[in-house]
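Take a look at the structure before reading on.

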Amino acid sequence: MNWKTRGLVACLVVSASLAVARDPSRLAPEGAPSTGDVASAAEPGDRLEVKGVVYAADGRTPVPKASVYVYQTDAKGYYRPDDAMGNRNPRLMALLRTDVAGRYSFRTIRPGSYPGTRVPQHIHYEVAATGQGSRIFEIIFEQDPNVTAELRKQAAEPGSIYSLRRIEPGASGVGLVTQDVVLER
Ligand SMILES: [Fe+2]
């Protein structure tokens, strides 16, 4: 592992070590909406809209009421203004519940690499549903020059913690990202 990815992996270990279902702060309330703002319209950065469907482990059955916790850095790579690595209490986050068709969506900005590093820009996901498996992973972006050939290879492996997504052009300069989620068994 080279220095470029070390920070990212350290961050992932922290996330993965927290069982989604055991930490109420990382589970959306029962009545949470299926759509929300990770970053308000006033947040500096390139606007993104992310949407998708949560499926059961069969990859076909949509899961309503699944909890979707998403969080990320700001455009400068900081989880908190006073703590770049404060990913336990990120400023930019949302707690959502999928709708009757398993859908969720959120508005945000494109995150920055951690300050002074070449760690790829990423959006963390922690997804869980009652009576189903969970899923912890992160979106990385096709357009990010810090996504190396090695990361692309890892993202292509089944069950990878990386989901490599392309930002598609949308209306008014907003980038569109589609991210479906298949829960583990
Ligand atoms: Fe992170």
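A residue is buried if 20 or more other C-beta atoms lie within 10 Å of its own, exposed if 12 or fewer, and partly exposed in between, with C-beta atoms placed from the backbone. By that rule, buried residues make up 35% of the 185 residues in the protein chain. This is a predicted model: local features need pLDDT of at least 70, side-chain atom pairs count only at pLDDT 80 or more, and totals for chains, interfaces and linings use all residues. Residues are numbered from 1 along each chain as its sequence is written.

Q: Why is Gly-59 called exposed?
A: Gly-59 has 9 C-beta neighbours inside 10 Å. The limit for exposed is 12 or fewer, so Gly-59 counts as exposed. Gly-59 lies in the loop between strand S2 (47–55) and strand S3 (67–72). Gly-59 and Asp-180 are 121 residues apart in sequence, yet 9.7 Å apart in space, C-alpha to C-alpha.

Q: What makes a run of residues a helix or a strand?
A: Both are DSSP runs, numbered from the N terminus: helices are H or I with at least four residues, strands are E with at least two. The protein chain has 2 helices and 11 strands.

Q: How do you know that S6 and S7 pair?
A: Two strands pair if DSSP finds at least two bridges between them. Strand S6 (residues 122–128) and strand S7 (residues 134–141) have 7 bridges, in the antiparallel sense. They therefore meet the definition of a pair. Glu-126 stands opposite Ile-136 in S7.

Q: What makes S4 and S8 edge strands?
A: The open sheet has 5 strands in the order S4-S3-S6-S7-S8, with mixed pairing. Strand S4 (92–97) and strand S8 (162–165) each pair on one side only.

Q: What makes a set of residues a nonpolar core?
A: Its members are buried Ala, Val, Leu, Ile, Met, Phe, Trp, Tyr and Cys residues joined through C-beta atoms within 7 Å. The largest such core has 35 residues. Those with the most contacts inside it are Val-54, Val-68, Val-70, Tyr-125 and Val-127. S7 gives the most to this core, with 5 residues.

Q: Which residues is Tyr-125 in contact with, leaving aside its neighbours within four places in sequence?
A: Two residues are in contact if their C-beta atoms, placed from the backbone, lie within 7 Å. For Tyr-125, these partners are Val-68, Val-70, Arg-135, Ile-136, Phe-137, Glu-138 and Val-181.
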